[in-house]
Amino acid sequence: MNKLPKLIVFDLDFTLWPFYVDTHVTPPFSITRAGVAVDKYGYKIELYKEVIGILEWLENKSVKLALASRTHAPAAGKELIQILDIEKFFHYKEIYPGCKVNHFQKFMHDSGIAFTDMLFFDDEERNIRDIKKLGVTSLHVPHGITMALVQEGLELHAQN
């Protein structure tokens, strides 16, 4: 893993958290006195357990991070990344409906980073297929992001 990607991109739904923000939770979101994030109906909202550790580890490696989500509830997605206190980790955020190819073209335009210097994690195979065609190293996340998947992605990127 001597060559780290210059940009690592994460999907939101079923990659960083175990739900669809546009169908499984309802804004507004808040933090209870006990420090738990909840939606309008008191549904507890959590990230997958390794997310914070992964983001902190990558931040310490000085890798730029981005979010790409095709959600039909972009305001809710943006609100949740603030409530869950992870917005600070991400340099770029493309959160709106449509093809993820558009998200990645924006990342390349805004960052100047080539597709071949990017790594992408997503739970949907169709997004993985679309983004691989751009030359981005892409890894399927079947049950939420883990450090093992991040390590696998970093190794795959280094090989490419």
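Which strands make up the open sheet, and in what order? Hold that thought for a moment.

Some ground rules. This is a predicted model, so local features need pLDDT of at least 70 and side-chain atom pairs count only at pLDDT 80 or more, while totals for chains, interfaces and linings use all residues. Residues are numbered from 1 along each chain as its sequence is written, and side-chain values use heavy atoms, with hydrogens and water left out.

Back to the sheet. It has 3 strands, in the order S2-S3-S4, with antiparallel pairing. Strands here are DSSP E runs of at least two residues; helices are H or I runs of at least four; both are numbered from the N terminus. Two strands pair if DSSP finds at least two bridges between them. S2 (30-31) and S4 (44-45) are the edge strands, each with a single partner, so one side of each has no neighbour in the sheet. S2 joins S3 (residues 37-38) through 2 bridges. Serine 30 sits opposite valine 38 in S3.

Now the whole chain. The count is 5 helices and 8 strands. Along the sequence the pattern reads β-β-β-β-α-β-α-β-α-β-α-β-α. The C-alpha trace spans about 45 × 30 × 25 Å along its principal axes. The radius of gyration is 15 Å, and a compact globule of 160 residues would come out near 15 Å, so the two agree. That radius is taken over C-alpha atoms, and the globule rule is 2.2 Å times the number of residues to the power 0.38.

On burial, 46% of the 160 residues count as buried. Buried means under 20% relative accessible area, exposed means over 50%, and partly exposed is in between (1.4 Å probe, protein chains only). The chain exposes about 8,000 Å², with carbon and sulfur atoms supplying 50% of it. Those areas come from the Shrake-Rupley method with a 1.4 Å probe; for residues, only the protein chains shown count as cover.

Contacts next, meaning heavy atoms within 4.5 Å. Take the contacts between residues at least 6 apart in sequence: 66% of them join residues at least 24 apart.

Next, strand S1. Which way do its side chains point? Leu7 and Val9 go one way, Ile8 and Phe10 go the other, and all are buried. S1 pairs with S5 in parallel, over 4 bridges. Leucine 7 has lysine 64 as its bridge partner in S5. S1 also pairs with S7, again parallel, with 4 bridges. There, isoleucine 8 is the bridge partner of leucine 119.

Which members of the largest nonpolar core touch the most others? Phe10 and Ile145, out of 37 residues. A nonpolar core is a set of buried Ala, Val, Leu, Ile, Met, Phe, Trp, Tyr and Cys residues joined through side-chain atoms within 4.5 Å. Elements giving two or more residues to this core include S1 (7-10), H1 (51-60), S5 (64-69) and S7 (118-122). H1 gives the most, with 4 residues. Beyond four places in sequence, the contacts of isoleucine 145 include Phe10, Tyr48, Ile54, Phe121 and Val150. Apart from this core lies another one, of 15 residues, among them Val9, Phe107, Ile113 and Ile131.

Ile131 belongs to helix H4 (residues 125-132), where Asn127, Ile128 and Ile131 are buried. Down the axis of H4, the buried residues fall within an arc of 100 degrees, so they line one face. The arc is that of the directions from the helix axis to the C-beta atoms. Cover for those residues includes H3 (100-111), S7 and S8 (137-140).

Last, three single residues.

Aspartate 117 is in the loop between H3 and S7. Its relative accessible area is 13%, so aspartate 117 is buried. Aspartate 117 touches Lys3, Pro5, Lys6, Leu7 and His157, leaving out residues up to four places away in sequence.

Glycine 144 is in the loop between S8 and H5. It is buried too, at 3%. Outside four places in sequence, glycine 144 contacts Phe14, Thr15, Tyr48 and Leu149.

Proline 74 is in helix H2. At 23% relative accessibility, proline 74 is partly exposed. Beyond four places in sequence, proline 74 contacts Ile95, Tyr96 and Pro97. Its C-alpha atom is 8.2 Å from that of aspartate 22, 52 residues apart along the chain.
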